[in-house]
Amino acid sequence: THDLQRKINQMIGFLQKGHECEYTVFTRARMLRDNPTAGYDLIMTKIQPMIVEYCTLVQPIAPTNESGNLYRVVVRPKRKKQS
């Protein structure tokens with residue numbers, strides 16, 4: 001959990017500076033045997049709630065390979081409201 005939190009904090013810093021970010025979630029085959037949607041679940045339950053107020057998704061979340069163990073997610077910073 002510490003590693004994940006450190007990576008999320010780095011990504012939030014980049015998003016606050018206005019940079020587009022990309023992250024990859026890789027799940028091992030043994031995890032997929034128990035739960036075929038393990039990667040998607042990790043993204044939706046842990047990662048997205050931490051960064052939702054800082055960014056929007058560029059593309060829908062979907063596996064990038066046939067086995068379904070690799071997810072690439074691209075996010076861009078939310079635009080600031082101009083007054």
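In this predicted model, the largest pocket has a volume of about 260 Å³. Its lining consists of L4, K7, I8, M11, Y23, T24, V25, F26, L42 and I47. Two or more of these residues come from each of three elements, namely α1 (2-16), β1 (21-26) and α3 (38-51). By residue class, the lining of the largest pocket comprises eight nonpolar residues, one polar and one charged.

Strand β1, which contributes to this lining, belongs to an open sheet of three strands ordered β1-β3-β2, with antiparallel pairing. The edge positions are taken by β1 and β2 (55-57), each of which pairs on one side only. From one strand to the next, the twist averages 35°. Between β1 and β3 (residues 70-77), which run antiparallel, there are six bridges. Within this part of the sheet, E22 is placed opposite V74 of β3. Helix α3, another contributor to the pocket lining, lies across β1, β2 and β3 and runs at about 145° to β1.

T27 is located in the loop that connects β1 with α2 (29-34). The relative accessible area of T27 is 2%, so the residue is classed as buried, the cut-off being under 20%. When neighbours within four places in sequence are left aside, the contacts of T27 are with L32, A38, G39, G68 and N69.

Technical notes. Residues numbered from 1 in each chain as written. Predicted model: local features only at pLDDT ≥ 70, side-chain atom pairs only at ≥ 80, totals over all residues. Heavy atoms only, no water. 1 Å grid on protein atoms, 1.4 Å probe; cavity = no way out; pocket = protein on both sides within 12 Å on 5 of 7 lines; lining within 4 Å. Points joined across faces, edges and corners; volume = space filled by probe spheres on them. Helix = DSSP H or I, 4+ residues; strand = E, 2+ residues; numbered from the N terminus. Nonpolar A, V, L, I, M, F, W, Y, C, P; charged D, E, K, R; others polar. Buried < 20%, exposed > 50% of the residue type's maximum accessible area, 1.4 Å probe, protein only. Contact = heavy atoms within 4.5 Å. Pairing = 2+ DSSP bridges. Axes fitted to C-alpha atoms, helices over the stretch in contact; angles between N-to-C directions.
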